[in-house]
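Good morning, colleagues. Please have the display open as I speak.

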Amino acid sequence: MDNRNLRQLFSTSSPYNIEENDARFLAAMQETVKQVWNSSPEYRALAATFSFTPQALRTIKDLERIPPIPTLYFKRNDFTLKHGIGVEVTSSGTSGQFSHIRYTAAELLMLARMAVTLGRFHGLFSGRPVHYVILGYQPSRHNQMVISKTAYLSTWYAPALSRTYALVRREGEYRLEAAALVRRLLRCSQGRQPVRVVGFPSYASFLLKWMKKKGKRCRLPAGSCALLGGGWKQFAGLEISKEELKELFWDVLGIPAGGIHEFFGAAEHPVLYCTCGNGHFHIPAYGRVLIRDTATLKPLPPGETGLVNLLTPMTASLPLMSVMTDDLGVVRPGETCGCGIRAPYLEILGRVGAAGLKTCSAGAQEYWNR
Ligand SMILES: [Zn+2]
């Protein structure tokens, strides 16, 4: 089932021009909703409880009428409407609950275009070969977590001289090879080729604090930078602030604040968000974010704090059109950032009832504390 509007949306060359992309977004969403509606009796039943039908989606304002489905629903229900040929991604999680999402080749191509467009916009491409130090899992056929794939994908923005992973698979299990990683960084600081540190912000903070404690500081060559990101949850409840993390990068590795780029995305919301020069996540053309009242679930005006509801027309293989997270956040008008991007930006403030839900960030801390 071809969704021409979806293809057009994902091939936009102005990823933060809202006016230009609103009509395409709506048209793509209408098509995706129709496809999911037609192929899934489960979705029709669920939509009925919200008195929602595809005909209700007429204007961009109507996006709020699409039933928001909690991310936990996808972790518990492994239901796939159509099996495309392509890659399956699994969301991060240590509790044994995963979301399985399968993309067709055409959809993967659209996602790749998104990554290229945003990479260009944010100046992530470089022709100069770099050493990658990846604070994450070495990819393998045993590991389909979306984070290791995004970490691997972000090593395509500049040619790789080498890739060194923090978590290496040996004898059937992942082992943290911290000492080897630090040796690698120190050796790179003696050379001339830039280094790109890729991975979770939480892992980066544990590594940098550990290096600082052990007195292992270095100055990485000019042009070195950090590409931080992974799961959505990686930004909620970080023990240290973004400012502290930036200071650590400068203090321990000599990477300036301007060289720190953050990303986020989630298995249940395949849209890439990248920080602007002021460190804000402006909402790109491929997604929309609604903030809902925690009690009534009614959409809130900009500037008010509530539950983060993520929308995208990407894929009809699961009803990912409107996903309800358990994160608290706020959407602010783009103009209040000052970087020049006019699209509104999202700030994640924390989680609702975080107890009981273990994320990969918690897992990481256990590793580094050993
Ligand atoms: Zn900005």
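Let me begin with a question: at roughly what angle do the axes of helix α8 and helix α9 cross? Please bear in mind throughout that we are looking at a predicted model.

The two helices in question span residues 201-213 for α8 and residues 242-253 for α9. Their axes come within 10 Å and cross at roughly 45°. As to handedness, the crossing of α8 past α9 is left-handed.

Which residues make this contact? On the side of α8 they are Pro201, Ala204, Ser205, Leu208, Lys209, Met211 and Lys212. From α9 come Leu245, Leu248, Phe249, Asp251 and Val252.

Seven strands form an open sheet with mixed pairing, and their order is β6-β5-β4-β7-β8-β9-β10. At its edges we find β6, residues 173-176, and β10, residues 269-274, each of which pairs on one side only. On average, neighbouring strands of this sheet are turned by 25° against each other, direction ignored.

Within that order, let us look at one pair. Strand β7, residues 195-199, runs parallel to strand β8, residues 225-228, and four bridges join them. If you select Val198, you will find that its bridge partner in β8 is Leu227.

A further pair deserves a moment. Is strand β12 mostly enclosed or mostly open? This strand covers residues 288-292, and four of its five residues are buried, so β12 is largely enclosed by the rest of the structure. Its pairing with strand β13, residues 306-311, is antiparallel and extends over five bridges. There, Leu290 has Asn309 of β13 as its bridge partner.

Finally, the protein as a whole. How many helices and strands does it have? The count is 10 helices and 15 strands. The protein has 370 residues, of which 44% are buried. Among contacts with a separation of 6 or more, 68% are between residues 24 or more positions apart.

To return to the opening question, the answer was roughly 45° for α8 and α9, with the axes coming within 10 Å. Thank you for your attention.

How values were computed. Residues numbered from 1 in each chain as written. Predicted model: local features only at pLDDT ≥ 70, side-chain atom pairs only at ≥ 80, totals over all residues. Pairing = 2+ DSSP bridges. Axes fitted to C-alpha atoms, helices over the stretch in contact; angles between N-to-C directions. Buried ≥ 20, exposed ≤ 12 C-beta atoms within 10 Å, placed from the backbone. Contact = placed C-beta atoms within 7 Å. Left-handed = near helix turned anticlockwise from the far one by under 90°.
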